[in-house]
Amino acid sequence: MRHHFWEWPIPTYLFLGGLGGGIFCLIAILSMCVYPNEAIIPELLVWPSFIAILALGFGCLMLVVDLGQPMVFYRAFVKSTSVLAWGARLLTVCMIFGLIWFVSYLPWEWISGLANFFAMFRALCLAIAGIAGTCIMLYTGIFLSTLKAHAFWATPALPVLFTVSALSTACAAITLSAGWWPFELNTGSIEAVLLYTAAMHAIHGILHTVDIILVACEVVVLLVMVLSFLGAGNKTANRVAHKWIHGSYAAFFWVGMMGIGLLIPEFIYIFLGGVASSVVAPVMVLCGGLLLRFMVVNSDERAPLPGEDRYYNRLVDHDAEFIHKWTYGENVF
């Protein structure tokens with residue numbers, strides 16, 4: 001059954017939610033676990049946290065836009081049994097505590113009092129934002145996999161795929177933005193320059209290695225998921241898999257997602273360096289992650305309910321002659 005109801009705001013929401021959650025998850029791990037005693041590491045990750053806040057906020061906006069009734073958006077928070085409600089709450093928690101952590105590093109004099117006050121709660125806020133971000137990454141896949149009528153979504157592999165992809169895109173975003181504003185480098189001090197260089201090299205080295213592993217895992221999970229549906233007994237999922245492998249989505253799957261979004265960045269990460277590894281490959285990973293969400297959300301075919309095909313087949317075309325011939329208030333009988 002092919003009646004598409006979810007438009008571009010939903011895959012955009014899933015991508016931005018996973019991206020923002022993944023950034024806060026990685027910032028928490030780098031700041032609190034990998035380099036707990038290095039004060040410069042969190043300072044270099046302040047700008048990525050701001051990007052994560054923007055991504056989460058814009059993702060929430062996309063969700064409200066798709067709901068179609070912006071003035072009753074609060075219902076997305078109060079329905080306790082809804083997966084969507086839990087996702088909305090997690091995004092809110094992550095944004096609030098992530099924003100507090102971000103504000104605590106702002107260097108401006110007019111906000112220094114508030115920044116100094118929030119600085120006492122940095123560890124707590126970052127821990128909460130990191131946990132909420134991890135849950136958001138899982139939620140973006142669980143949100144679709146709970147819709148059992150859509151056979152291509154109703155698989156445990158989808159939450160795994162979206163979580164791995166969210167972490168990979170988060171690695172790419174942090175690689176592109178670490179060390180930017182509001183961090184200020186004292187170029188007059190050799191020690192400061194050396195410390196900054198060593199810290200940036202350490203961050204890029206870890207993210208580089210992690211993203212190599214994540215991209216490889218994403219390739220494996222994606223191929224296993226699609227190829228298993230290709231040979232599955234479910235006709236609906238099998239039809240979608242055929243569309244991905246050699247149908248209307250084949251070019252997007254093999255060239256866009258597998259090639260440009262995964263395999264080429266993996267090659268660049270392993271065999272090349274410099275700008276290609278620190279700029280080109282991360283941008284390609286981000287594009288691949290966005291394309292993945294669009295392809296999955298648009299693959300929403302489902303098996304028809306009893307009598308549903310007959311109902312839709314009996315509906316008149318929207319351009320039927322009698323619809324345009326009749327005038328309101330006219331009685332021809």
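The expected span of a helix is 1.5 Å times one less than its number of residues. These exercises use a predicted model.

**Exercise 1. Work out what span helix α5 should have, and compare it with the distance between its end C-alpha atoms.**

Step 1. Helix α5 covers residues 83–103, which gives 21 residues.
Step 2. At 1.5 Å a residue, the helix should span 30 Å.
Step 3. The end C-alpha atoms of α5 are 30 Å apart, so the two values agree.

**Exercise 2. List residues of α5 that are buried.**

Step 1. Buried means under 20% relative accessible area.
Step 2. The buried residues of α5 are L84, A85, G87, A88, L91, C94, M95, G98, W101, F102 and V103.

**Exercise 3. Describe the largest cavity and its lining.**

Step 1. Searching the whole structure turns up 1 cavity of 30 Å³ or more.
Step 2. The volume of the largest cavity is about 40 Å³.
Step 3. Its lining consists of S165, T169, E218, M257, G261, L262, V285, G288 and G289.
Step 4. Helices α8 (157–177), α11 (250–271) and α12 (274–298) each supply at least two lining residues.
Step 5. By type, the lining has 3 nonpolar, 5 polar and 1 charged residues.

Notes. Residues are numbered from 1 along each chain as its sequence is written. This is a predicted model: local features need pLDDT of at least 70, side-chain atom pairs count only at pLDDT 80 or more; totals for chains, interfaces and linings use all residues. Side-chain values use heavy atoms; hydrogens and water are left out. Helices (H or I, at least four residues) and strands (E, at least two) are DSSP runs, numbered from the N terminus. Buried means under 20% relative accessible area, exposed over 50%, partly exposed in between (1.4 Å probe, protein chains only). On a 1 Å grid over the protein atoms alone, a cavity is a set of points where a 1.4 Å probe fits but cannot get out, and a pocket is an open set with protein on both sides within 12 Å along at least five of seven lines; lining residues have an atom within 4 Å of a point. Grid points are joined across faces, edges and corners, and a volume is the space filled by probe spheres set on the points. Ala, Val, Leu, Ile, Met, Phe, Trp, Tyr, Cys and Pro count as nonpolar, Asp, Glu, Lys and Arg as charged, and the others, Gly among them, as polar.
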